[in-house]
Amino acid sequence: MQKRSIVPIVYILFLMLPIYWLVAMSFKTTNEILAGFSLFPQTFTLENYKVIFTDPTWYWGYVNSILYVTINTVISVAVALPAAYAFSRYRFLGDKQLFFWLLTNRMAPAAVFALPFFQLYSAVGLFDTHLAVALAHCLFNIPLAVWILEGFMGGIPKELDETAYVDGYSFPRFFAVIFIPSIKAGVGVAAFFCFMFSWVELLLAKTLTAVAAKPIAATMTKTASSAGYELGLLAAAGTLTIIPGAIVIWFVRNYIAKGFAMGRV
């Protein structure tokens, strides 16, 4: 083994240590976790996972999270695609200022918008729905998706548009059949970041839901019982929340690398 490979290996092991610890705790009882340090479970148990997969309060938390995250990702990318195309292909009065304004929305903390969204959705009957959380997250994800996609679209020569129009393509057909496939890497990167933000965001998701659309992150904050916090159950729930993100990363890993190479990630 070369010496220069030791540092990356140690760094990766350091990053993986918390994940391993979380997974190991998920197979322990709460009493064993509180009893002291142990590298491996002394009493291996699947009871924590059994509770999650049999208790509707737990497994519906995952279903709710996946639903509003998927809705948000689809809406964000669908809205950002034509917006990014306009910014990359046309020059109009105030275009740079408008582009900067979009990014400032992404810079604001979610806590600033929690109360306005709560009052608005309560008034129009959207409170405690998947759509409520999805639309709230769009405020942050659409600007990010526009910024990412605009960078990818800027790398596509305008001659492609002109050639398609000469060949008789209408704009909708050209955009759907030719242009979007040519920036599929950008679409993958934008969808990934929209998914990840919506999946890990807690404040808005918890504020805008109560029962019907309650996400798993909010469920995890209420695991106290008469005996204290159920640490093994929390660890199992945390382990399961890592899986969707890991699956998404696996499918878009090549696109993310291309995004880093283009300087848009």
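Contact here means heavy atoms within 4.5 Å. All views show a predicted model.

**View 1. Surroundings of I183.** Beyond its neighbours within four places in sequence, I183 is in contact with L81, F152, M153 and I156. I183 also belongs to the largest nonpolar core and is listed, together with L81 and M153, among the residues with the most contacts inside that core.

**View 2. The largest nonpolar core.** This core has 28 residues. Those with the most contacts inside it are L81, V146, L149, M153, F179 and I183. The elements that each give two or more residues to the core are α4 (56–89), α5 (95–107), α7 (130–154), α9 (171–182) and α10 (184–200). Helix α7 supplies the largest share, nine residues. In soluble globular proteins, nonpolar side chains tend to be buried together.

**View 3. A separate core.** Another core, of 20 residues, lies apart from the largest one. Its members include Y68, A110, W199 and L208.

**View 4. The cysteines C138 and C194.** The structure holds zero disulfides. C138 takes part in none, and the nearest cysteine sulfur to that of C138, belonging to C194, is 8.0 Å away. A disulfide requires the two sulfur atoms to lie within 2.5 Å; because the sulfur of C194 is 8.0 Å from its closest counterpart, in C138, the separation is too far for a bond.

Terms used. Residues are numbered from 1 along each chain as its sequence is written. This is a predicted model: local features need pLDDT of at least 70, side-chain atom pairs count only at pLDDT 80 or more; totals for chains, interfaces and linings use all residues. Side-chain values use heavy atoms; hydrogens and water are left out. A nonpolar core is a set of buried Ala, Val, Leu, Ile, Met, Phe, Trp, Tyr and Cys residues joined through side-chain atoms within 4.5 Å. Buried means under 20% relative accessible area, exposed over 50%, partly exposed in between (1.4 Å probe, protein chains only). Helices (H or I, at least four residues) and strands (E, at least two) are DSSP runs, numbered from the N terminus.
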